[in-house]
Amino acid sequence: MKVLLAGAAGRIGQVLCKGLADCGHTMIGLDKVAVDSRHTRWHQVDCRDAAALRSIFEMEQPEAVIHLAGHPGETSLPAALESHAITTAAVLEASVAQGVRRFVYASSNHAVGYWPRTEVLPVDAPHRPDTFYGVSKVTAEALLSLYADRYDLSTIACRIGSFRSEPDTRRALSTWLSHADCVRMFDACLTASTTGFVVIYGISANRRAWWDLDAGRALGYLPQDDAEVFADRLPARPDDDDAEAMRVGGLFATERVGRPAFDEAP
Ligand code: 15L
């Protein structure tokens, strides 16, 4: 499948460009930074620029899109909306104009991060964002829902947990997404037979998982890795471990990360 991947220079993007090419997909990378890649066709573009995206989509004619672009942490509300909601709308517009059939989005666990850590959270639990980053992911998910309904575009939001080569904290024993499972998940999302707007949680098969993997399994995402094999190697961080265990968003749901909506005027 010919896949255009926005945010290709990022941590997840680099793993997916290689991993999905190994699965047989033809990958075309987009990012605002230039990358010298011999293996992936590449366009340097800011994903807020709808007109530039439109001409790249016309040239490349992708069958599917993966949208990962955006700043992966907390910012002011305007910056978060710009980074996640505006880019998502621009990439969705270009996708619809070009007749793309499948749109897969890197949402985040922080769209539901304020839920307390009690039972396994289902995909249809109401949004409880823990940050303005989480609010912007909720907004991006709403855009995926709108474009699925309005244009009959199949959209999938993957609420990614902690994408790491190895889990590095106690929280990550529950929230870890391994590199190999990340490739499996996006490959399943590209090739699944599904319609409308679907939400899945993007984590590995962690035995301490906080999120329900059934919706992903229904799409064909069968995770193979379990963070538990790393449990004995993790250093104790009593203060952070306790704070991170209160709510599923971890430290994002604490006052350590909480901030005002707007930057102060200089
Ligand atoms: C995310 O969505 C962030 O992009 C990433 O920086 C991590 O903090 C991750 O969630 C997480 O919850 O571990």
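Where is the place of G10? G10 sits in the loop between strand β1 (2-6) and helix α1, where helices (H or I, at least four residues) and strands (E, at least two) are DSSP runs numbered from the N terminus. The model is a predicted one, in which local features need pLDDT of at least 70 and side-chain atom pairs count only at pLDDT 80 or more, whereas totals for chains, interfaces and linings use all residues. Residues are numbered from 1 along each chain as its sequence is written, and side-chain values use heavy atoms, with hydrogens and water left out.

G10 counts as partly exposed because its relative accessibility is 27%, the scale being buried under 20% relative accessible area, exposed over 50% and partly exposed in between, with a 1.4 Å probe and protein chains only. The C-alpha atom of G10 is separated by 19 Å from that of A90, which is 80 residues apart from it along the chain.

Two packed helices are described by the angle between their axes and the distance between the axes. The axes of α1 (residues 11-22) and α6 come within 9 Å and cross at roughly 65 degrees, the axes being lines fitted to C-alpha atoms over the stretch in contact and the angles running from 0 to 180 degrees between N-to-C directions. The two helices α1 and α6 are therefore roughly perpendicular to each other (65 to 115 degrees, with under 35 counted as roughly parallel, over 145 as roughly antiparallel and the rest as oblique). Their contact (heavy atoms within 4.5 Å) is made by I12, V15, L16, G19 and L20 of α1 together with H179, C182, V183, F186, D187 and L190 of α6.

Helix α6 (residues 179-191) has 13 residues and reaches 19 Å from its first C-alpha to its last, close to the 18 Å expected at 1.5 Å a residue, a span calculated as 1.5 Å times one less than the number of residues. Among the buried residues of α6 are C182, V183, F186 and L190.

A second pair is formed by helix α3 (residues 77-97) and helix α4 (residues 132-151), whose axes come within 8 Å and cross at roughly 20 degrees, and α3 and α4 are therefore roughly parallel to each other. The residues that make this contact include L81, H84, T88 and L92 of α3, and Y133, K137, A140 and L144 of α4.

Towards the other end of the description, P260 lies in the segment after α8 (238-244) and is exposed, with a relative accessible area of 57%. The C-alpha atoms of P260 and C158, 102 residues apart along the chain, are separated by 27 Å.
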